[in-house]
Amino acid sequence: AAFAPAQTGKATTALNAFENELGAQAPLGFFDPLGLLDDADQERFDRLRYVELKHGRISQLAFLGNIITRAGVHLPGNIATDGTKFSDVGNGWAGSFDVPVDGALQILFFVGFLELFVMKDVTGENEFVGDFRNGFIDFGWDSFDEETKLKKRAVELNNGRAAMMGILGLM
């Protein structure tokens, strides 16, 4: 009995309603280590997917901007009325402290404007969570078949996830 295998309880698996959603792919499959989707409904899932897409898109821009400025490419002109040039602002997280108050306010108001008026489904025509075309910009999306659309959405989701990790590493 001292060397007998220990008895274990029966393993139970609870099927999650979202394990077959877009983004649950190899190698992790459905990955929810914090249990944010335990007992969640479709509305909660859609809200979390919207936030994931939004943060992924922002992180992609942040990562690209970080890489470009570290390469020495800066916008021409001044970031604020006090004469501070874009090239005077440092790189990465430390550079955010170099931005004068006027420049920081410009950025804040621009982001607020985008958040309140642009980056949302205004017309109710969205095909999926995170679709902000609003019947205006298409770039050929409607010409793709459903399988291609799913693949492109999965690519965006994965690139956003990678960019979130990337910008954390750069900060």
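Me: What distance separates the end C-alpha atoms of helix α4?
Reply: This is a predicted model, in which helix α4 covers residues 146-170. Its 25 residues, at 1.5 Å a residue, should span 36 Å. The distance between the end C-alpha atoms agrees with that expectation, being 36 Å.

Me: Which helix do the buried residues of α4 pack against?
Reply: The buried residues of α4 are Lys149, Ala154, Leu157, Gly160, Ala163 and Ile167. Their packing partner is the helix of residues 42-70, namely α1.

Me: How far does α1 reach from its first C-alpha to its last?
Reply: Helix α1 has 29 residues, for which 42 Å is expected at 1.5 Å a residue. The reach in the model is close to this figure, at 41 Å.

Me: Which helices do the buried residues of α1 pack against?
Reply: In α1 the buried residues are Phe45, Arg49, Tyr50, Leu53, Gly56, Ser59 and Asn66. They pack against α2, which covers 92-95, and α3, which covers 101-118, as well as α4. The names are therefore α2, α3 and α4.

Me: Which residue with a positive phi follows α1?
Reply: Helix α1 ends at residue 70. The residue that follows the helix has a phi near 95°, and it is Gly72.

Me: Is Leu48 buried, partly exposed or exposed?
Reply: Leu48 belongs to helix α1. Buried requires under 20% relative accessible area and exposed requires over 50%. Because its relative accessibility is 25%, Leu48 counts as partly exposed.

Me: Is Phe18 buried or exposed?
Reply: Phe18 is found in the segment before α1. Beyond four places in sequence, it touches Phe30, Leu37, Ala40, Asp41, Gln42 and Phe45. Since its relative accessibility is 3%, Phe18 counts as buried.

Me: What distance separates the C-alpha atoms of Phe18 and Phe128?
Reply: Phe18 and Phe128 are 110 residues apart along the chain.

Me: Is Asp39 buried or exposed?
Reply: Asp39 also lies in the segment before α1. Although not a glycine, Asp39 has a positive phi of about 55°. Its relative accessibility is 85%, so Asp39 counts as exposed.

Me: What radius of gyration does the protein chain have?
Reply: The chain has 4 helices and 0 strands, in the order α-α-α-α along the sequence. Its C-alpha atoms fill a box of roughly 80 × 50 × 25 Å along the principal axes. A compact globule of 171 residues would have a radius of gyration near 16 Å, but the chain has 22 Å.

Me: How far apart do the centres of the positive and negative side chains lie?
Reply: The chain exposes about 12,700 Å², of which carbon and sulfur atoms supply 62%. Its charged side chains comprise 15 positive and 24 negative ones. The distance between the centres of the two sets is 3 Å.

Conventions. Residues are numbered from 1 along each chain as its sequence is written. This is a predicted model: local features need pLDDT of at least 70, side-chain atom pairs count only at pLDDT 80 or more; totals for chains, interfaces and linings use all residues. Side-chain values use heavy atoms; hydrogens and water are left out. Helices (H or I, at least four residues) and strands (E, at least two) are DSSP runs, numbered from the N terminus. The radius of gyration is taken over C-alpha atoms; the globule rule is 2.2 Å times the number of residues to the power 0.38. Accessible areas come from the Shrake-Rupley method with a 1.4 Å probe; for residues, only the protein chains shown count as cover. Lys and Arg count as positive and Asp and Glu as negative; His and the chain ends are not counted. The place of a charge is taken as NZ of Lys, CZ of Arg, CG of Asp or CD of Glu. The expected span of a helix is 1.5 Å times one less than its number of residues. Buried means under 20% relative accessible area, exposed over 50%, partly exposed in between (1.4 Å probe, protein chains only). Contact means heavy atoms within 4.5 Å.
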